[in-house]
Amino acid sequence: MNIKNAYQDFTNKLQTIQSEGEANAIARIVFEDAFKLYDFTSERDFSLKNQKRLEEIITRLLQNEPVQYILGEADFYGYKFKVNEHVLIPRQDTEELVFYVKNTVRSFVKKNVITLLDIGTGSGCIPITLKKLFPIMEVHTLDVSKDALTIAKKNAEKLETHIVFYHKNILEKEDWESLPSFDIIVSNPPYIPHREAHHMPENVKQFEPHLALFIDDENPLIFYEMIASFAKQKLNKDGYLFFETNEFNAKEVLTMLRNKTFTNVILEQDMEGKDRLIRAQL
């Protein structure tokens, strides 16, 4: 079998569960990242070893497993991050959060020695990318999951960034005392109520960590409220708090921050016009 036939066969099988565009996008990722092949029309031989590996990949894809977990890595802001079932797959929405932070604080960073805390690190994509963008910044991050921290630490090492890691639960106030103060706090916390789970794609519900996705229906803003309270204690004067939000609860988060006397509270939309990004100051 040659590369061209292997690619066509792979996309045809994928189209039994995906649109043509999505099948082609996944096929491109697989052939480029798993096999380092970039010409999908080539008539060069596609080895038996590669055919076996491709068959394993398509079997897992047809069971709705995300391609990023199968390959063990995901693209984010131009970097490759290790991922597995213990961390969320980095998404474009969160790239927009990083871009928003970067554009807001770049002049601030030039004038000051800046410390930043990311809450709920997962793969480490937010703090590591910000450290790459601002090497002078002192970056800290925390997560309640030891398994997620293991992956984040591997990514920090892989991408040659020095990050300070904490295994802590932001919902436990006694965990706050040992943390220093910060100039910037960033978080993309769990924000999907269980009652909205039916809106989520099946592969997300089936494979991605529910701990990082879902919150109780009774108090869907619990992480935002606790992080805001934490920021009231630990954010330095004129410091910034950034959130990624659910489009359905963004305005409630906005109101909550204003009620807690944060200033310059701003809600921004993402590229799809959805309420997604919030910035506030003390």
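Which helix gives the largest share of the lining of the second largest pocket, and how many residues come from that helix? Please describe this pocket closely, and then go on to the strands and helices.

Mentor: Please keep in mind that the model is predicted. The largest share of the lining of the second largest pocket comes from helix H5, which spans residues 92-111, and this share amounts to 3 residues. The volume of the second largest pocket is about 150 Å³.

From the pocket we may turn to the strands. Strands of a sheet pair through backbone hydrogen bonds, either parallel or antiparallel. In this model, an open sheet is formed by 7 strands, and their order is E5-E4-E3-E6-E9-E11-E10, with mixed pairing. Strand E5 (164-167) and strand E10 (263-269) are the edge strands, since each of them pairs on one side only. From one strand to the next, the twist averages 15°.

One pair within that order deserves attention. Strand E3 (residues 115-119) and strand E6 (residues 182-187) run parallel and are joined by 4 bridges. Leucine 116 has isoleucine 184 as its bridge partner in E6.

Strand E1 (residues 73-76) and strand E2 (residues 79-82) run antiparallel, and 4 bridges join them. Here alanine 74 has phenylalanine 81 as its bridge partner in E2. E1 and E2 form a hairpin with 2 residues between them, and in the turn tyrosine 77 has a positive phi of about 55°.

The helices remain. Two packed helices are described by the angle between their axes and the distance between the axes. Helix H1 (residues 3-14) packs with helix H2 (residues 20-33) at an angle of about 135°, and their axes are 9 Å apart. H1 is therefore oblique to H2, and the crossing of H1 and H2 is right-handed. H1 also packs with helix H3 (residues 48-61), at an angle of about 15° and with the axes 10 Å apart. This angle makes H1 roughly parallel to H3. The crossing of H1 and H3 is right-handed.

A further pair consists of helix H10 (residues 222-234) and helix H11 (residues 250-259), whose axes come within 10 Å and cross at roughly 25°. H10 is therefore roughly parallel to H11, and H10 passes H11 in a right-handed crossing.

Key:
Residues numbered from 1 in each chain as written. Predicted model: local features only at pLDDT ≥ 70, side-chain atom pairs only at ≥ 80, totals over all residues. Heavy atoms only, no water. Pairing = 2+ DSSP bridges. 1 Å grid on protein atoms, 1.4 Å probe; cavity = no way out; pocket = protein on both sides within 12 Å on 5 of 7 lines; lining within 4 Å. Points joined across faces, edges and corners; volume = space filled by probe spheres on them. Axes fitted to C-alpha atoms, helices over the stretch in contact; angles between N-to-C directions. Parallel < 35°, antiparallel > 145°, perpendicular 65-115°, else oblique. Left-handed = near helix turned anticlockwise from the far one by under 90°.
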